[in-house]
Amino acid sequence: MSTSLGIDIGGTNIKAAVVHEDGRVAAFETSAWSGGAVIDALETVERLAAEVGSSSGLSFDICGCGCAGLVDHEAGVVHRSPNLPQWHDVRLAEELAGRLGVPVLLENDANAAAYGEYAAGAARGATNAVMVTIGTGIGGGIVLGGSIYRGSHGFAAEIGHSVIDLTGGVQCGCGSTGCVEPLVNAASLVVQTKQRMDEGAESALAELAGPLTARAVGEAAAAGDQLARSVTADVGRTLGVLLSNIVAYLDPDVIVIGGGVAAAGSSLMDTARGEFAARTSIYQGMATRIVMAELGRKAGVVGAALLAASARP
Ligand SMILES: [Zn+2]
């Protein structure tokens, strides 16, 4: 059976894996990096590729690389990336192919992760799927009929910039206001909890010994803390609205939720599902399934490798 190399370049780490055609990971390595110069990323990828090749005992004849930022899939170029500020119009596919000695297919990292869940994870068997990754921001990926939908300019699936608050709203990194991204992310649970405690709301979290985290807020909510429950419910409701908007646009079989939001526990997702069900009742039982991601931090490398495998001549 053929194997492919999957690479995932983000703002804080670089991952590599040798992946079988059915999505099984034969070897996986990750390396912390600072999101700095292109040459450092190229050298790290070359080192990780050698490591996973050696530890799996397998060779690969093609490579897929997911990279954070605005990526031209056809040209193999990373135009720019908020997570990689030094990168401008980097011919990444060509550079990597020269170092690895195999053809390299470039993809946006969120698209690669969505394809991984679609081909070998939580959306396996679906025809149309959307992935929403909620970490420090919101990443999105859309797979329709087996193909990634990138849009006409490469901006498709920027679902974090769906505007859902017209009352002024929070300033978003994209320059607009009222986007969903600043409202639904792992840090927003912490920020909103602190803000309400500063305003005088009482909570057992005020006695917390360590730093306040999304996990701590989730655990307090599960234990019945009123403030934590209220904050978690607000974020969950907003997420439910976002999910119902996705269904209104795309009607996928499944929406996969990934990223650090899982650390906030089940109460946030329970609220999101409730809000989603209430807003999609018109579809009467035909509504999209909402599922949690299965591939975790390996979704990007698996998706990139399988995308490359599907493009194998
Ligand atoms: Zn925005």
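Reply: Here is a walk through the helix pairs, then the charged contacts, and then a few spots in the loops.

One thing before we start: this is a predicted model, where local features need pLDDT of at least 70 and side-chain atom pairs count only at pLDDT 80 or more, while totals for chains, interfaces and linings use all residues. Residues are numbered from 1 along each chain as its sequence is written, and side-chain values use heavy atoms, with hydrogens and water left out.

Let's begin with α6, residues 226-250. A label like that comes from DSSP: helices are runs of H or I with at least four residues, strands are runs of E with at least two, and both are numbered from the N terminus. Helix α4 (residues 186-198) packs with α6 at an angle of about 135 degrees, and their axes are 10 Å apart. An axis here is a line fitted to C-alpha atoms, for helices over the stretch in contact, and the angle runs from 0 to 180 degrees between N-to-C directions. So α4 and α6 are oblique to each other. As for the cut-offs, under 35 degrees is roughly parallel, over 145 is roughly antiparallel, 65 to 115 is roughly perpendicular, and the rest is oblique. The α4 and α6 crossing is right-handed.

Follow the chain on from α6 and you get to the loop between α6 and β11 (254-258), which is where proline 252 sits. Aspartate 251 has its place in that loop too, and its phi is near 45 degrees, a positive value in a residue other than glycine. Proline 252 is buried, at 3% relative accessibility. (Buried is under 20% relative accessible area, exposed is over 50%, and partly exposed is in between, with a 1.4 Å probe and protein chains only.) From its C-alpha to that of histidine 73, 179 residues away along the chain, the separation is 23 Å. Histidine 73 is in the loop between β5 (70-72) and β6, and it is buried as well, with 18% relative accessible area. Its C-alpha is separated by 5.4 Å from that of glutamate 107, 34 residues apart along the chain.

Now for α1 and α2. These two helices pack at about 40 degrees, with axes 10 Å apart. That angle makes α1 oblique to α2, and the crossing is right-handed. Leading up to α2 is the loop from β6 (77-80), which holds aspartate 89. Phi of aspartate 89 is near 50 degrees, again positive in a residue other than glycine.

Side chains of opposite charge can pair when their charged atoms come close. The name for it is a salt bridge, meaning a side-chain nitrogen of Lys or Arg within 4 Å of a carboxyl oxygen of Asp or Glu. Arginine 99 makes one with glutamate 46, with the closest N and O atoms 2.7 Å apart. Since arginine 99 lies in α2 (residues 92-100) and glutamate 46 in α1 (residues 38-56), the pair ties together parts that are 53 residues apart in sequence. Both partners are partly exposed: arginine 99 has 30% relative accessible area, and glutamate 46 has 32%.

Another salt bridge brings together glutamate 294 and arginine 124, at 3.6 Å from N to O. Glutamate 294 is in the loop between β12 and α8 (299-310) and arginine 124 in the loop between α3 (109-120) and β8 (128-134), so this one ties together parts 170 residues apart in sequence. Across the whole structure, a search finds 12 salt bridges.

Isoleucine 282 is exposed, with 66% relative accessible area.

Conventions:
Left-handed = near helix turned anticlockwise from the far one by under 90°.
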